Amino acid sequence: MIEYFESVPGVTKIRDGYNPATWMLEVTAPSVEAQLDGDFADIYANSSLYLRNQELIKELSTPVPGSNDLYFPTKYSQPFSVQCKACFWKQHWSYWRNPQYNAVRFFMTIVIGALFGLIFWNKGQKTAKQQDLMNLLGAMYATVLFLGALNASAVQSVVAIKRTVFYRERAAGMYSALPHAFSQVAMETIYNAIQTLAYTLLLYSMIGFEWKATKFLWFYYYIFTCFVYFTLYGMMVVALTPGHQIAAICMSFFLSFWNLFSGFLLPRPITANPNMVEVVLLGFSCGLDTIWSCNLSSW
């Protein structure tokens, strides 16, 4: 390359010990082309080097008689199990070196767990009345929905960044989509299990539930599965949208629907008002089955 550019008339020679890459960038700058009153692309197209390269390309493009085309039995160089192992190891170090995500997640888990524990302090053994039982159900619903929605929101930016890396590495033929998805889900599940353990220990002890291994494990299991599906929901929304900004809008929209139609918020039954009576006024019916209603306390 140095010999070729030095052979061009008007190009300054490279100095001894000078960086060749820097020198080539300097001599091929548009300002140098303006001084030479020429175009380096046209100069190369009319050079003997261009003709030799074209002949070499034509020679190498023609297969040798009797040779076979390149053939690979599989699309990827490594089997599926090795791809999963490599992707899992990569996700492990990626999550371990991301304290901004994991440290904040565990910090918010402890803060929210302590907050709900103080709100429902020692309510676990009060089940004599229906209202006490509804309070406990509301506590479980609020604790799962609040932190679950936070997990679904926090994971979106992480998945969006990793998706860009995945596109580049998949184009290079390193692995397929399934090992990447399995490893990411597995890593999030592990961190969710640790997060749920800290959360359930705080809630179970502060709310004052009965300390039995079976009950605590069921409590842990239900909260863990809820956190997992909230996290997977956030990952799915990012995968289905162009970016995490649109994913955040879609996530909040469907979370509102989940909250409204989950079955916890029940509408009050509609009962007829005894003062609502059907009367006939000026020959038109005015009753409960029409848009007109008359509330008559006395005639």
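I began with isoleucine 223, which, leaving aside its neighbours within four places in sequence, is in contact (heavy atoms within 4.5 Å) with Val144, Thr196, Tyr199, Thr200 and Leu203. This is a predicted model, in which local features need pLDDT of at least 70 and side-chain atom pairs count only at pLDDT 80 or more, while totals for chains, interfaces and linings use all residues. Residues are numbered from 1 along each chain as its sequence is written, and side-chain values use heavy atoms, with hydrogens and water left out.

I then looked up the nonpolar cores, each a set of buried Ala, Val, Leu, Ile, Met, Phe, Trp, Tyr and Cys residues joined through side-chain atoms within 4.5 Å; buried means under 20% relative accessible area, exposed over 50% and partly exposed in between, with a 1.4 Å probe and protein chains only. The largest core has 34 residues, of which Tyr199, Leu203 and Ile223 touch the most other members. The elements giving two or more residues to this core are α7 (99–119), α8, α9 (177–207), α10 and α11, where helices are DSSP runs (H or I, at least four residues) numbered from the N terminus. The most comes from α10, with 10 residues. Apart from this core lies another, of eight residues, among them Val8, Val11, Ile14 and Phe40.

Next I turned to α11 (residues 244–261), whose 18 residues should span 26 Å at 1.5 Å a residue, and whose end C-alpha atoms, 25 Å apart, agree with that; the expected span is 1.5 Å times one less than the number of residues. Its buried residues are Ala247, Met251 and Leu255. They cover an arc of only 65 degrees around the axis, so they sit on the same side of α11, the arc being that of the directions from the helix axis to the C-beta atoms. These buried residues pack against α8 (130–171) and α10 (213–240), whereas Gln245, Ile249, Leu260 and Phe261 are exposed on the other side of α11. Just after α11, glycine 263 takes a positive phi of about 100 degrees.

Last, I checked the cysteines, taking a disulfide as a pair of cysteine sulfur atoms within 2.5 Å, and the count came to zero. Cysteine 87 is in no disulfide, the nearest cysteine sulfur, that of cysteine 84, being 6.9 Å away. I noted that cysteine 87 is buried, at a relative accessible area of 1%, whereas cysteine 250, at 26% relative accessibility, counts as partly exposed.
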